[in-house]
Every structure is written in structure tokens, then in C-alpha cells.
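Trainee: Could we go through this model together? I would like to learn what the labels rest on.
Mentor: Gladly; let's look at it first.

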Amino acid sequence: MMKINDYVEIIKLVAKENDLIVEGTGNEFSIDVNKYHHVAYLLKINSSGYLQVHQWENANDSSDGEWGRAVYSLRCLSDVIQFCSIVIMSTQISARR
């Protein structure tokens, strides 16, 4: 059976393989998909033993922003695979303005 740290390593490997910026160690790290549009995720191992995923939220289209509430809870390998798919797809979709 896989453990939460295995899930963390899988996510980090997939992010790095797709040339994303991974920062942080231990129980908290971020994945930056695109600094220009600032698609980014903060992942934390919570006290219940699963990964919480927070998304970066810009305030009023400015460069300032903050981490929003958790948008995903990764509890099993299938959740991790689906999240990795979201991250990969985020690199391929650009904002149309």
C-alpha cells in the first residue's frame, strides 16, 4: 500500500517532468504552472493524513493574491493521478482575454 509521501513524490516527479516549478519540502510544497497567468497550487499534508490542494487566487486581476481555500483533497492514488492530469492540462490551456 502506498503512503502519503509516495503520493507527494509522484506529484513532484510529474510536475518536474513537465518543466513546472516545484518549491518547498516536507509537509508543504507548491507547483507553479505559469508565472505569467499565475496558475499555481499549494499542497499540504494535513493532520488527517491526506493532501489538501489550494489554488492561487489573484485579487482584482492584480499581481497580488493569496492561496484560497482547499479545492481538492487527495486521499488515494486515483486522486493523485487525476490531480496530475489537471496540472498537465493547465500547462496546455491558455487564458483568452
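Mentor: Let's start with a term: buried means under 20% relative accessible area, exposed means over 50%, and partly exposed is in between, with a 1.4 Å probe and protein chains only. This is a predicted model, in which local features need pLDDT of at least 70, side-chain atom pairs count only at pLDDT 80 or more, and totals for chains, interfaces and linings use all residues. Residues are numbered from 1 along each chain as its sequence is written, and side-chain values use heavy atoms, with hydrogens and water left out.

Trainee: Why is Glu-17 called exposed?
Mentor: Its relative accessibility is 66%, and the cut-off for exposed is over 50%. Glu-17 therefore counts as exposed.

Trainee: Which residues of H1 are buried?
Mentor: Ile-4, Tyr-7, Val-8, Ile-11, Lys-12 and Ala-15 are. Down the helix axis, the buried residues of H1 fall within an arc of 130°, so they line one face. The arc is taken from the directions from the helix axis to the C-beta atoms. An α-helix has 3.6 residues a turn, so residues three or four places apart point the same way. On the other side of H1, Leu-13, Lys-16 and Glu-17 are exposed.

Trainee: Why does Asp-19 count as exposed?
Mentor: Asp-19 has 70% relative accessibility, so the label exposed applies. Asp-19 sits in the loop between H1 and strand E1 (21–23). Its phi is near 60°, a positive value in a residue other than glycine.

Trainee: What makes E3 and E4 a pair?
Mentor: Two strands pair if DSSP finds at least two bridges between them. E3 (residues 39–45) and E4 (residues 51–58) have five bridges, in the antiparallel sense.

Trainee: How many bridges join E4 to E5?
Mentor: Seven, and these strands run antiparallel. Among the partners, Gln-52 is bridged to Ser-73 in E5.

Methods:
Helix = DSSP H or I, 4+ residues; strand = E, 2+ residues; numbered from the N terminus.
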